[in-house]
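Student: I've got a model open and would like to learn how to read its rings and its sheet. Can you walk me through it?

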Amino acid sequence: MNKDFILILGPQGSGKTTQARKLARFLGYKFISSGRTLRKLSTEKNPIGLKLSEYWIKGELVPDALMESILFPMIEKKKAKGFVIDGYPRDVAQLKSLLSFLDLNQWAISHVFYLHVGEEESLKRLVDRRKKEQRQDESSDAIAKRFQLYHTETEPLLAEYEKMHRLEKIDGERTVEEIQEDLRSRFK
Ligand code: AMP
């Protein structure tokens, strides 16, 4: 079965989860958020759940092999014509694994959307979110760690996507509706 892949990346607080979910619904694709999947699994009282919480609560990345062992079977199992993925790959090593996995199945990435939001705006949104959601991984230390990891590990992906001719930069400092309209217009 042919499957299409759309990736969304951006700093924390860029609104990528909201946009990815809406876009998936619009396209009739499955939405996968690596962060949400991990948070859900870590509420399970089993060794994997406990191990996962150790990483994400501190804002550290979950090891690649563990991440793959969770996400790849999910993708294989779901009967969908496509996926909108938020939060994966998080670094160049993860991208390489994803590309091999897709290649093996003869699947491909059609779009990579980079939601661009300035650091000041992104921090402001995180502070607002912390007030509302009280996410366990949004202590000041965890936020700082995640920002640092975003710069050192995730940003280098942009150059990779550029080389693949897949990168589409989206202005993330607009309303949710405007951004979504922009994303959808790229499928007309
Ligand atoms: P997010 O909701 O995408 O900000 O992810 C929350 C946390 O889950 C991150 O701080 C990491 O600890 C973990 N996480 C999410 N996606 C990945 C990934 N692709 N690789 C490793 N860890 C991840």
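**Rings first, then the sheet**

Tutor: A search of the whole structure finds six aromatic pairs. Rings of Phe, Tyr and Trp (its six-membered ring) pair if their centres lie within 6.5 Å; planes under 30 degrees apart count as stacked, over 60 as edge-to-face and the rest as tilted. This is a predicted model, where local features need pLDDT of at least 70 and side-chain atom pairs count only at pLDDT 80 or more, while totals for chains, interfaces and linings use all residues. Residues are numbered from 1 along each chain as its sequence is written, and side-chain values use heavy atoms, leaving out hydrogens and water.

Student: How do Phe101 and Trp107 pair?

Tutor: Edge-to-face, with 5.9 Å centre to centre and 80 degrees between the planes.

Student: Is Phe101 buried or exposed?

Tutor: Buried means under 20% relative accessible area, exposed over 50%, partly exposed in between (1.4 Å probe, protein chains only). Phe101 has 8%, so it is buried; Trp107 is buried too, at 9%.

Student: And what is the strand order in the sheet?

Tutor: Strands of a sheet pair through backbone hydrogen bonds, either parallel or antiparallel. Strands (E, at least two residues) are DSSP runs, numbered from the N terminus, and two of them pair if DSSP finds at least two bridges between them. Here five strands make an open, parallel sheet ordered β2-β3-β1-β4-β5. At the edges sit β2 (30-33) and β5 (167-171), each pairing on one side only.

Student: Which residue of β5 stands opposite His116?

Tutor: That's Asp171. Strand β4 (residues 108-116) and β5 pair over five bridges.

Technical notes:
Helix = DSSP H or I, 4+ residues; strand = E, 2+ residues; numbered from the N terminus.
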